[in-house]
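Open the model in a viewer and keep the selection panel at hand. The stops below say what to select and what is there.

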Amino acid sequence: MKQEEIGKFIAQCRKEKNLTQAQLAEQLGVTNKSISRWENGKTMMDLSLYEPLCKILDIQVSELLYAKRLTTEEKTRQGEQSALQILATKKQFETLNIFTQILVAAGILITISFTNKYGVKLIDKIIILCSDILYRV
């Protein structure tokens, strides 16, 4: 992301909507100085303002981040890339889930071997302690 390009794009879109910096600022609940800083590329807005800003300016978030209006073809391509990224992220979460399950199983096996080696008294104490905690809640 290039702040200056995004800032110029915000200014262009704002002017196309015939909005002043003060009017845009009021709609977003920020100061007109904030709008000026964004448009001059000095700062970027808070992430929570992307969606409301885009709605006011009648642009998509992707257009804001690319600092240009996207053609239908570019939007389609970008949508496909987003879908592929979502699938890759889903795969990573599935892998993480499997890894977590393996760690839990290993913990259970360690607990069982520890209990067998040092006797049942320790596990009984743990179960009683956990039961007491659960009944208090």
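Start with glutamate 39, which is buried at 9% relative accessibility. The model is predicted. Is arginine 14 buried or exposed? Arginine 14 is buried as well, with a relative accessible area of 8%.

**The whole chain**

Now switch to a cartoon view of the protein chain. Its secondary structure consists of seven helices and zero strands, and the pattern along the sequence reads α-α-α-α-α-α-α. Of the 137 residues in the chain, 22% are buried. Among contacts with a separation of 6 or more, 51% are between residues 24 or more positions apart. With a surface display on, the accessible surface amounts to about 10500 Å², and carbon and sulfur atoms hold 59% of that.

**Leucine 53**

Select leucine 53, in helix H4 (residues 50–57). Its relative accessible area is 0%, so leucine 53 counts as buried. Which residues does leucine 53 touch, if those up to four places away in sequence are not counted? They are Ile10, Leu24, Leu28, Met45 and Leu64. Keep arginine 14 from the opening stop in view: its C-alpha atom is 9.7 Å from that of leucine 53, and the two residues are 39 apart along the chain.

**The cysteines**

Select cysteine 13 and cysteine 54 together. How many disulfides does the structure hold? The number is zero. Cysteine 13 takes part in no disulfide, and the nearest cysteine sulfur to its own is that of cysteine 54, 8.6 Å away. Cysteine 13 is buried at 1% relative accessibility, and cysteine 54 is buried at 3%.

**Glutamate 63 and its surroundings**

Move to glutamate 63, in helix H5 (residues 61–66). At 5% relative accessibility, glutamate 63 is buried. Show the backbone nitrogen of leucine 70: a polar atom of the glutamate 63 side chain lies 2.9 Å from that nitrogen. With neighbours within four places in sequence left aside, the contacts of glutamate 63 are Phe9, Lys68, Arg69, Leu70 and Lys75.

From that list, select lysine 68. The side chain of lysine 68 meets that of glutamate 74 in a salt bridge, 3.0 Å from N to O. Lysine 68 is partly exposed, at 37% relative accessible area.

**Another salt bridge**

How many salt bridges are counted? The count is six. Besides the pairs already visited, select lysine 2 and glutamate 5, whose side chains form a salt bridge at 3.7 Å, N to O. Lysine 2 is exposed, with 54% relative accessible area, while glutamate 5 is partly exposed at 42%.

**Two loop residues with positive phi**

Select asparagine 18, in the loop between H1 and helix H2 (21–28). Its phi is near 55 degrees, a positive value in a residue other than glycine. Asparagine 18 is exposed, at 69% relative accessibility.

Then go to aspartate 58, in the loop between H4 and H5. Here phi is near 60 degrees, again positive in a residue other than glycine. Is aspartate 58 buried or exposed? Aspartate 58 counts as exposed, with 56% relative accessibility.

**A nonpolar patch**

For the last stop, select Phe93, Leu96, Phe99 and Leu103 with the surface shown. These residues make a nonpolar surface patch of about 440 Å². One of them, leucine 103, is in helix H6 (residues 72–118).

Note on methods: Residues numbered from 1 in each chain as written. Predicted model: local features only at pLDDT ≥ 70, side-chain atom pairs only at ≥ 80, totals over all residues. Heavy atoms only, no water. Disulfide = S-S within 2.5 Å. Buried < 20%, exposed > 50% of the residue type's maximum accessible area, 1.4 Å probe, protein only. Patch = residues over 30% accessible without salt bridge, like charges linked within 9 Å, V, L, I, M, F, W, Y side chains within 5 Å. Areas by Shrake-Rupley, 256 points an atom, 1.4 Å probe, with all protein chains shown as cover. Salt bridge = Lys/Arg side-chain N within 4 Å of Asp/Glu carboxyl O. Helix = DSSP H or I, 4+ residues; strand = E, 2+ residues; numbered from the N terminus. Polar contact = N/O pair within 3.5 Å; in protein donor to acceptor, adjacent residues only side chain to side chain. Contact = heavy atoms within 4.5 Å.
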